[in-house]
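Please read them with the structure open.

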Amino acid sequence: DVNVREILKALGIAETNPSWSTGEKWGTAPDTEAKAVVSPVNGQPLAKVIFANAGGYEQAVQEAQKAFLKWRTFPAPKRGEIVRQIGDQLRKNKEKLGALVSLEMGKSLQEGWGEVQEMIDICDFAVGLSRQLYGLSMHSERPQHRMYEQWHPLGIVGIISAFNFPVAVWSWNAMIAWVCGDVCIWKPSEKTPLTAIACQKIAADVFKRNGVPEGVSCLVAGGRETGELLAKDPRVALVSATGSTRMGKSVAAVVGARLGRVLLELGGNNAIIITENADLDMALTGSLFGAVGTAGQRCTSTRRLIIHESIYETFKARLAGAYRQLKIGNPLDQQNHVGPLIDKDAVQGYLDAIEKAKAEGGKILVEGGVLEGEGYASGCYVRPCIIETEKDMEIVQQETFAPILYLLRYGSLDEAIAIQNGVPQGLSSAIMTTNLREVELYLSAAGSDCGIANVNIGTSGAEIGGAFGGEKETGGGRESGSDAWKTYMRRQTNTINYGAELPLAQGIRFDL
Ligand code: NAD
């Protein structure tokens with residue numbers, strides 16, 4: 001029953017949309033072809049976007065530089081108050097914006113709304129944070145000296161985001177960066193520019209009403225090349241990039257070459273260990289949603305189940321039974337459990353991974369395949385599949401961004417932890433057990449090596465209050481809650497001598 005035209009109109013999306021914005025101002029790169037954004041839900045075009053070129057990018061950077069000089073002088077709580085108003089506007093637009101997320105990206109309507117809720121939550125978090133950008137104060141070793149640290153804004157924060165969380169990732173970065181006094185340039189995924197345009201309009205409207213200068217919120221729609229402009233630009237103090245490990249390695253090298261700062265949120269290869277002491281009902285629910293929710297297109301999606309040998313056969317049978325009940329179809333129909341993949345390239349990646357797993361000796365437990373016929377016209381709907389594997393198979397080491405679940409079997413918990421950690425990625429992980437010793441070992445220094453380690457919940461999804469991110473090839477970045485804000489600021493140590501003498505540190509004498 002979703003009226004697509006009405007939603008697009010209400011969110012300010014035109015038939016053909018300009019490519020860059022510094023707030024109220026929008027611009028279009030001349031002689032650039034408009035690209036159609038096609039919905040994976042039904043294969044129909046939603047609207048067109050003209051991608052930016054280097055000229056549009058340059059306009060955004062210059063405006064952002066100017067804006068920073070003013071924005072950094074707004075008191076942080078005042079910046080927080082403006083972010084609070086953005087949160088209010090997101091509340092008002094939650095239903096429509098969530099539906100556009102579903103239409104453009106293909107996740108379920110519930111998850112589309114959930115994503116907008118996450119944006120609202122981070123706004124609330126950022127408002128509180130705007131009064132808590134605390135530095136420490138230390139005792140000086142010299143008499144009549146005071147020493148403390150303070151946190152200052154960095155400047156321009158470039159945000160490169162992935163298609164699968166088309167708006168939440170921007171908000172995790174932008175809301176925190178804004179209360180920290182930074183200005184933002186957002187390069188959304190080329191697969192999901194429309195939701196980005198809608199968000200930019202919502203933010204720009206609030207900034208304008210509060211007399212905030214143009215350039216605090218900038219958007220540059222484009223592909224990889226536009227992301228590369230941000231990476232190599234020394235005027236961009238921090239590049240926060242979310243996406244594949246391949247992209248992260250490239251961005252890290254380019255930003256590293258100019259000694260800029262990066263915050264990387266890259267791929268995962270997340271596992272759940274199910275021990276012989278697990279509550280198997282909970283393990284089933286956690287595994288099922290983790291593996292097939294969002295059609296396996298979350299960075300925290302469950303890719304591997306590491307199951308104790310004593311319950312392996314029982315659990316495997318229950319899981320296969322649950323898979324047979326899954327309804328695959330239009331994500332806007334709330335009866336369905338699994339929606340489409342983002343595009344046909346992703347479908348090919350899914351098929352290739354299944355073939356590779358088979359070639360390496362994997363045993364198919366639940367057969368995959370591409371769905372055809374009524375309701376599947378986009379060609380992006382696939383069957384979630386389960387493959388029994390061995391830990392040393394190459395395909396199990398890789399992240400395939402699709403609903404493919406690998407089963408592995410283990411004997412001792414040490415072995416299970418070694419299997420879990422024995423992949424290049426280190427994002428999310430979980431253990432299902434009711435045994436205290438197993439829990440504590442798993443969470444100890446000798447346990448999970450991931451940025452996120454859960455007990456009796458799956459790997460998928462996270463709350464905004466914690467710092468989000470992972471180790472190894474996941475990139476090491478942390479964003480959202482806890483003290484992740486520190487990445488968006490520079491620390492300055494200040495020592496003040498209020499005495500009439502100038503003693504040197506470490507007791508050094510320098511007498512003439
Ligand atoms: P992707 O790497 O193809 O693209 C991500 C973004 O990077 C896009 O905006 C793209 O235009 C840009 N980009 C690509 N190459 C670039 C380059 N060389 N320089 C600068 N920018 C470049 O990823 P995707 O397919 O959109 O998203 C899926 C991937 O993202 C998965 O690997 C998933 O695990 C990961 N992801 C990670 C997190 C996390 O928080 N760890 C969250 C969401 C998604």
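Predicted model: local features only at pLDDT ≥ 70, side-chain atom pairs only at ≥ 80, totals over all residues.

1. The ligand shell. There are 29 residues around the ligand, and those that come nearest are A162, G227, G243, E265 and C299. Two elements give two or more residues to this shell, namely α8 (224–232) and α9 (245–257). Of the elements, α8 gives the most, with four residues. Sorted by class, the shell holds eleven nonpolar, twelve polar and six charged residues.

2. E265. One of the residues that come nearest to the ligand is E265, and the "active site" annotation in UniProt covers E265. That annotation comes from an unreviewed entry. In the model, E265 lies in strand β12, which runs over residues 261–265. Is E265 buried or exposed? E265 counts as buried because it has 30 C-beta neighbours inside 10 Å, and 20 or more are needed for that class. Leaving out residues up to four places away in sequence, E265 touches T242, G469, G475, G477 and E479.

3. S244. This residue sits in the loop between β11 (236–242) and α9. How far apart are S244 and E265 in space? Their C-alpha atoms are 8.3 Å apart, with a separation of 21 residues in sequence. The contacts of S244, not counting residues up to four places away in sequence, are L266 and G267.

4. Helix α6. The helix covers residues 168–179. Twelve of the twelve residues of α6 are buried, so the helix is largely enclosed by the rest of the structure. The buried residues of α6 include W170, W172 and W178, along with N173, M175 and I176. Just after α6, G181 takes a positive phi of about 95 degrees.

5. W485. The loop between β23 (479–480) and β24 (489–497) contains W485. W485 counts as buried because 23 C-beta neighbours lie inside 10 Å. Which residues does W485 touch, not counting those up to four places away in sequence? They are L129, L133, I176 and C180. By contrast, the C-alpha atoms of W485 and T389 are separated by 40 Å, the two residues being 96 residues apart along the chain.

6. A sheet of three strands. The strands of this open sheet are in the order β1-β5-β4, with mixed pairing. The edge strands are β1 (16–17) and β4 (34–38), each of which pairs on one side only. Strand β5 (residues 45–50) pairs with β1 in the parallel sense over two bridges. Within this part of the sheet, N17 stands opposite V49 in β5.

Definitions and conventions: Residues numbered from 1 in each chain as written. Near = placed C-beta within 6 Å. Nonpolar A, V, L, I, M, F, W, Y, C, P; charged D, E, K, R; others polar. UniProt positions renumbered as here; feature names shortened; annotations may be inferred. Contact = placed C-beta atoms within 7 Å. Expected span 1.5 Å × (residues − 1). Pairing = 2+ DSSP bridges.
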